[in-house]
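Subject: Structure for you to look at

Dear colleague,

I am handing over the structure below, and I would be glad if you could read the notes that follow with it open beside you.

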Amino acid sequence: MHNDLINKYVKKVTKNMGSKQREEVTRELNAHILDSADALAEEKNVPVDDNIIREIILRMGTADELAAMYPEEKANSDNIKDGLRYLAKFTLYFIVVASVIGIVLQLVFQNISINVFLLVCGVVYLVSLVLQVIRAKLFPRLLDR
Amino acid sequence: MKQVFEKFEIEMRRGVMQLAVICLLDNEKYGYEIIKNLNESGLKVEEGTLYPLLRRLEGDELLTSRWETGGPRPRKYYVITDLGIEIRMSWLNTFKTLIDTVKQLESNIQDKGALNNAQ
């Protein structure tokens, strides 16, 4: 049961890490929390339970604070994965927004040309993508949010 | 007032912790063991700060590590490298110089009464 608490905390700490770092930090933090929990439970003369785990996690600081202290160690494959994930998210948002705009335009103007609309969408998509790439190069941290 | 003191103390402790950790690792130790040793030495450690620090020191090649999976749970053991030993010597010298400087500055403080009260 208390494994859920540990997993939730550790997952939050490691969510932005590269795969190798994530795996190692997960194993190490898991071991630390369990070691500390054993020691605290022994000190209090109680079995390890959720309250003990919560106390240990509280002592370690918030997941965000802890994550921020780790050095960034992303491999190229992690950067490619992050880039593809970002592209997929961006494309999905774009499709949703373009569809809503298309439906509204169709309702207002009745007879809009689908080809012209798709062409405009394509151009806007490419321009937005280029702007995102430029932004990512100039302000890389913004993409982490 | 209390907040200012606590902030200063946390910053100081974090700075010293790097040196303290590297001083402990002539023999292999894992994270929880290091925290216990530091606490026993009187350096109270915020538990969460140790692991990112170990990772940084390892990234700078001052420490090296290996996983031991034989026990009840896997443990990552750290030990100092040759480069770490060299850097530790420089850090210790810097630290000692800083202590001497602070002692010298302390001797110049005019209001000895306030200083004694603070101690």
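A crossing of two helices is called left-handed if the near helix is turned anticlockwise from the far one by less than a right angle, and right-handed if clockwise. Helices (H or I, at least four residues) and strands (E, at least two) are DSSP runs, numbered from the N terminus.

This is a predicted model, in which local features need pLDDT of at least 70 and side-chain atom pairs count only at pLDDT 80 or more, while totals for chains, interfaces and linings use all residues. Residues are numbered from 1 along each chain as its sequence is written, and chains are lettered from A in the order in which they are written.

In chain A, helix α5 (residues 76-109) and helix α6 (residues 114-138) make a right-handed crossing, and their axes, which are lines fitted to C-alpha atoms over the stretch in contact, come within 11 Å and cross at roughly 145°.

In chain B, strand β3 (residues 75-80) is mostly covered, since five of its six residues are buried, that is, under 20% relative accessible area with a 1.4 Å probe and protein chains only. Strand β2 (residues 63-68) of chain B runs antiparallel to β3(B) and is joined to it by six bridges, with W67(B) opposite K76(B), and these two strands form a hairpin with six residues between them.

With best wishes

Conventions. Side-chain values use heavy atoms; hydrogens and water are left out. Axes are lines fitted to C-alpha atoms, for helices over the stretch in contact, and angles run from 0 to 180 degrees between N-to-C directions. Buried means under 20% relative accessible area, exposed over 50%, partly exposed in between (1.4 Å probe, protein chains only). Two strands pair if DSSP finds at least two bridges between them.
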